[in-house]
Amino acid sequence: MATLVPESHPVLHTIADEVPREDITSARIQKIIKGMRAVLHAYKGGEFTGVAIAAPQIGVPLRIFLIEDTGTRKKDAQEAAERLPALVAVNPRLVKLSRQKHLAHEGCLSVEDSYGTVSRATHATLRAYNEHGMPYQRGAGGLLAQIFQHEVDHLDGILFLDRAEEIIEKDMTLKGKTTKKKHL
Ligand code: ZN
């Protein structure tokens, strides 16, 4: 049974390996993807919902991530339009990042105690293979673009904490206390 590895685990701080294209549909890789999906769905982060996971987060040093909105199903049509697409990205590359950036709130399944604000490109274009080994390209803005950048960072051994302009302790927020700045 796949589980999240702790924040200090070396695999979260190492550059992950590419998956040979012919291996994408193999039982081994399909099992890893299944494990990632199971862990994402099992994630209980209090008020925080899991929407994406990268293979290193379950201790697998391979370049795979997936996005799936596990939050409560939204009924409102407009909210439904904002729901994240479900996708699997193997050997993803960010082929384009907008020059325009914004400060985005960011949390991570692998970082239990805090979230933060990170400067991210507002738009990103991703090139990857899906779980069937087919290549695709997808452009995104807003939250989806942010997730692309966060997940590709995971594959390069980078946590949002390494990039955060501000880190907010979850406990402190709950108690209404002031935020803690990170020293860069
Ligand atoms: Zn993360």
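Biologist: How do I read accessibility here, and does Y115 count as buried or exposed?

Modeller: Y115 has a relative accessibility of 15%, and because buried means under 20%, this residue counts as buried. Please keep in mind that the model is predicted.

Biologist: How should I read aromatic pairs, and how many are counted?

Modeller: A pair of aromatic rings is described by the distance of the centres and the angle of the planes. In this structure the count comes to two aromatic pairs. One of them joins F48 and Y115 in a tilted arrangement, with 5.5 Å from centre to centre and 50° between the planes. This pair links distant parts of the chain, since F48 lies in the loop between α1 (27-42) and β1 (52-54), whereas Y115 belongs to strand β5 (residues 111-121), 67 residues apart. F48 itself counts as partly exposed, at 26% relative accessibility. F65 and F148 also form a tilted pair, at 6.5 Å centre to centre and 45° between the planes. Because F65 is in strand β2 (residues 64-67) and F148 in helix α3, this pair ties together parts 83 residues apart in sequence, and both F65 and F148 are buried.

Biologist: Which charged residue sits over the ring of F48?

Modeller: That residue is K170, whose charged end lies 4.4 Å from the centre of the F48 ring.

Biologist: Which residues coordinate the zinc ion, and how are they spaced in sequence?

Modeller: A metal site is read from its donor atoms, which for the zinc ion are C108 (SG), H150 (NE2) and H154 (NE2), at 2.0 to 2.3 Å. The spacing of these donor residues in sequence is C-x41-H-x3-H. H150 and H154 are four residues apart in helix α3 (residues 142-155), so about one helical turn separates them. H150 is buried at a relative accessible area of 8%, and H154 is likewise buried, with 0% relative accessibility.

Biologist: What elements does the whole chain contain?

Modeller: The protein chain has five helices and nine strands, and from the N terminus on they run α-β-β-α-β-β-β-β-β-α-α-β-α-β. Of its 184 residues, 46% are buried.

Biologist: What is the average pLDDT, and where is the pLDDT below 50?

Modeller: The average for the protein chain is 89, and 87% of the residues score at least 70. Residues 176-184, however, have a pLDDT below 50, and this stretch has 16 contacts in the model beyond near neighbours in sequence. Where pLDDT is low, the predicted coordinates should not be read in detail.

Methods
Residues are numbered from 1 along each chain as its sequence is written. This is a predicted model: local features need pLDDT of at least 70, side-chain atom pairs count only at pLDDT 80 or more; totals for chains, interfaces and linings use all residues. Side-chain values use heavy atoms; hydrogens and water are left out. Donors are N, O and S atoms within 2.8 Å of the metal (3.2 Å for Na, K and Ca); water is not among the atoms, so sites may look incomplete. Helices (H or I, at least four residues) and strands (E, at least two) are DSSP runs, numbered from the N terminus. Buried means under 20% relative accessible area, exposed over 50%, partly exposed in between (1.4 Å probe, protein chains only). pLDDT is the predictor's confidence in each residue, from 0 to 100. Contact means heavy atoms within 4.5 Å. Rings of Phe, Tyr and Trp (its six-membered ring) pair if their centres lie within 6.5 Å; planes under 30 degrees apart count as stacked, over 60 as edge-to-face and the rest as tilted. A charge sits over a ring if NZ of Lys or CZ of Arg is within 6 Å of the ring centre and within 35 degrees of the ring normal.
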